[in-house]
Amino acid sequence: MKVIFRVLILIALLGMANTIIAQVNSTAYNLVLKGMLSHTVPAISVEKTAANDHAILLDARSPAEFAVSHIAGARFVDFDNFDLASLDDISKSDTLIVYCSVGYRSEKIAERLLAAGFDHIYNLYGGIFEWKNQGHPVVDATGEATDFVHAYSKLWGVWLQKGKKVYD
């Protein structure tokens with residue numbers, strides 16, 4: 001009986017691994033993300049993303065958000081008009097890290113990529129907001145460093161603590 005109980009605890013902990021491994025610096029933001037995300041895609045922290053120089057970054061925000069700023073080298077995939085065919089040049093064995101403002105839209109795109117057979121898909125936990133909050137740079141549409149970040153909406157913009165917020 002003790003063995004079965006230990007196995008069940010281990011299974012439960014493994015099932016929660018995606019939410020335990022990646023965290024953001026704000027306790028309140030962590031609670032919002034844990035409740036909002038379905039955790040069907042492995043999460044990756046800002047620290048691990050910044051240290052990973054071989055992953056392909058996919059920005060799942062809108063064209064307006066991407067134009068204001070994005071992570072340097074990120075590829076725009078447009079949440080509202082996402083088309084798997086736009087990634088035909090990417091191997092299904094490549095490591096892909098998908099991000100958006102906070103992680104919801106990117107999780108939905110990452111789910112589609114997993115269903116399409118991509119093997120190494122991660123959702124940037126906390127999105128570009130947490131990327132900027134932890135002091136990492138972003139670039140504008142011309143590739144120049146910028147302090148501006150599209151904050152999506154005033155409701156979600158509260159989670160962006162660093163940088164200058166831009167709204168449509």
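**Close-up views of a predicted model**

Strand E2 (residues 56-59) and strand E4 (residues 95-99) run parallel and pair over four bridges. The model is predicted, and local features need pLDDT of at least 70, side-chain atom pairs count only at pLDDT 80 or more, and totals for chains, interfaces and linings use all residues. Residues are numbered from 1 along each chain as its sequence is written, and side-chain values use heavy atoms, with hydrogens and water left out.

**View 1. The open sheet around E2 and E4.** Five strands form the sheet in the order E1-E5-E4-E2-E3, with parallel pairing. Strands E1 (43-44) and E3 (75-76) are the edge strands, each pairing on one side only. Strands pair if DSSP finds at least two bridges between them; strands (E, at least two residues) and helices (H or I, at least four) are DSSP runs, numbered from the N terminus. Leu 58 has Val 98 in E4 as its bridge partner.

**View 2. Helix H6 on the sheet.** Helix H6 (residues 104-115) packs on the sheet and touches E2, E4 and strand E5 (120-124), where contact means heavy atoms within 4.5 Å. The direction of H6 makes about 150° with that of E4; axes are lines fitted to C-alpha atoms, for helices over the stretch in contact, and angles run from 0 to 180 degrees between N-to-C directions. H6 has 12 residues and spans 17 Å from its first C-alpha to its last, close to the expected 16 Å, which is 1.5 Å times one less than the number of residues. Arg 105, Ser 106, Glu 107, Ile 109, Ala 110 and Leu 113 of H6 are buried (under 20% relative accessible area; exposed is over 50%, partly exposed in between, with a 1.4 Å probe and protein chains only). The cover over these buried residues includes E2, helix H5 (63-68), E4 and E5. Just after H6, Gly 117 has a positive phi of about 100°.

**View 3. Salt bridges.** The count comes to six salt bridges, each a side-chain nitrogen of Lys or Arg within 4 Å of a carboxyl oxygen of Asp or Glu. Arg 61 and Asp 59 form one of them, at 2.8 Å from N to O, and both residues are buried. Asp 89 and Arg 75 form another, also at 2.8 Å from N to O. This pair links distant parts of the chain, with Asp 89 in the loop between E3 and E4 and Arg 75 in strand E3, 14 residues apart. Asp 89 is exposed at 59% relative accessibility, and Arg 75 is partly exposed at 26%.

View 4. The closest N and O atoms of Lys 108 and Glu 111 are 3.7 Å apart. Because these two lie three residues apart in helix H6, about one helical turn separates them.

**View 5. The stacked pair of Tyr 29 and Trp 159.** The structure holds two aromatic pairs, defined as rings of Phe, Tyr and Trp (its six-membered ring) with centres within 6.5 Å; planes under 30 degrees apart count as stacked, over 60 as edge-to-face and the rest as tilted. Tyr 29 and Trp 159 are stacked, at 5.1 Å centre to centre with 5° between the planes. Tyr 29 lies in helix H3 (residues 27-36) and Trp 159 in the loop between helix H8 (154-157) and strand E9 (164-166), 130 residues apart. Tyr 29 is buried at 1% relative accessible area, and Trp 159 is buried at 18% relative accessibility.
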